[in-house]
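Please go through the model shown below with me, taking its helices and its backbone geometry in turn.

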Amino acid sequence: MTTMIQKFADLASGTRIEDLPAEAIGETARILLDSIGVAVAGIGELKGRAGIAYGKLIGGGQGDATIMGTGDKVSAFGAAFANGELINTLDMDAIMPPGHVTPYVLPGIMALGETMVRDGKAVALAIAVGHEISCRIGMGMDYLRDTRDGKVDPPPVFGYAETIFGAAAAISMLRGHSAEVTANGLGIAGSVSPVNAQTAWFQHAPSSTIKYLHAGVLTQSAFTAAYAAELGHRGDIQILDDEEFGYRRFIGTRRWFADRMVADLGREWRFVDLSAFKPYPHCRILHALIDEMQDLLDRHQIAVEEIEGIKVYVEGMVEQPVWLNREILLPHDAQFSIAHGIAVGAHRVPPGRAWMDPELVFGDSVMGLMDKVTHEVHPDYVKLLTGNAASRPAKLEIRARGRTYAGERRYPKGTKSPDPASHMTNDELIAKFLNNVDGILPRGNAEAIVELVMDLPRLDDLGRVMRLTAPDAQGPAPRN
């Protein structure tokens, strides 16, 4: 019998760019462009600075792989560590089930795509397969928004460690591994996988600044797994099939839908419709609320000083310390606090790294408004969520000028949903990218990155893009 690991390995080693639908190729370009932008924007924050420093430490004094936003060249191993941390720093990175995937899958592709001079087709293929495998396995496990008997039922153990399979598969693809070597690498990946520590992270506020999963560590583990197989190690190719003693057991998931993980593999590309983008550098739970709040404030021309109170109705799974936290010690804490996020959003600062500006985060206006924010769980949360998985039910009431202004929204911007307005278009995604890199990269270089990435299949060398992420890069790249 062919194991699940072998099926995923066959997908990685046997899929060709011609096998991908056009929309899948397009989505890989969108993910890549968005990730470059949020990474560059994160170079000044704690997680980004620490990731850069450690990436340089382990990456050696010289190399061929670029740490984005710096121009520093180190080994592929060191650059992948730093770039994973950078992509995840602002919490503004692309998402899909089980949550965050891109900061763990993409960095290895970037590093090897540059050092091994891989073209856009190879890069797009690795991005697609890496995200597809991670998304499929994640969808077959516990989910943060699980419900049971009409009530929220978040899992006692949760996280994104399973993305190591997609990350390792993508590395194997760019290394040119056979199906057998790839399978061994995926088997090893399951054995060296990080733990799923996110639920503990939810419960302990102020939360750890490495976040729900240290992106750099997972990229290291994925590299180790793929290279160990290349060097002759044998992996446990039964690790996903054995529900009693395998990955399901030691990763702590209550459910395991193995058949769904591999159904229509290679024919159905689920990550395309499930991929979403974040317009705000804040946990996704507030995005629909911020969208609606800003529309209300703009429509009625309400100034921050006029706000007497804001009551928001939130998702049912957020009654946990990391979201309830009002002790804002670092900009990191602001990325998850319900009260603080609403207060920042009300100031209508263009979203991006400006949201992490200490003068805004700790300013009297934001801290004062935070005290006026209250919340309750949305009364129809479970009903709306089970009606459509893309739902992020949002309802709020703003008190100002002696009256109450109310609004409600079901789908946040950046999501593919029944509401066409919620989809983030290419133009909107490009605008987000340009805003994130503004003031760090020369405008000409930023526009050249857009041109090269959004026409990814025609790119002859990913290194051309990566080199343009340096603040002092010399001019835009020539056209293909």
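Q: How many of the 14 residues of H4 are buried?
A: In this predicted model, local features need pLDDT of at least 70 and side-chain atom pairs count only at pLDDT 80 or more, while totals for chains, interfaces and linings use all residues. Residues are numbered from 1 along each chain as its sequence is written, and side-chain values use heavy atoms, with hydrogens and water left out. Buried means under 20% relative accessible area, exposed over 50% and partly exposed in between, for a 1.4 Å probe and protein chains only. Helix H4 is largely enclosed by the rest of the structure, because the number of its 14 residues that are buried is 13.

Q: What distance does helix H4 reach from its first C-alpha to its last?
A: Helices (H or I, at least four residues) and strands (E, at least two) are DSSP runs, numbered from the N terminus. The expected span of a helix is 1.5 Å times one less than its number of residues. For H4, residues 76-89, this expectation is 20 Å, and the helix comes close to it, reaching 20 Å.

Q: Which residue with a positive phi follows H4?
A: The phi of this residue is near 55°, and the residue that follows H4 is Asp91.

Q: At what angle do helix H14 and helix H17 pack?
A: Axes are lines fitted to C-alpha atoms, for helices over the stretch in contact, and angles run from 0 to 180 degrees between N-to-C directions. The axes of H14 (residues 287-299) and H17 (residues 338-346) are 9 Å apart, and the angle is about 35°.

Q: Which residues of H17 make the contact with H14?
A: Contact means heavy atoms within 4.5 Å. H14 contributes Leu289, Ile290, Met293, Gln294 and Leu297, and H17 contributes Gly341, Ile342, Gly345 and Ala346.

Q: Which proline is joined to Ala205 by a cis peptide bond?
A: The omega of this bond is about -5°. The proline is found in the loop between helix H9 (198-203) and helix H10 (215-230), and the residue joined to Ala205 is Pro206.

Q: Is Val117 buried or exposed?
A: Val117 lies in the loop between helix H5 (102-115) and helix H6 (120-139), and its phi is positive, near 50°, in a residue other than glycine. With a relative accessibility of 51%, Val117 counts as exposed.

Q: What is the relative accessible area of Lys211?
A: Lys211 is placed in the loop between H9 and H10, and has a positive phi of about 75° although it is not a glycine. Lys211 is buried, with a relative accessible area of 3%.
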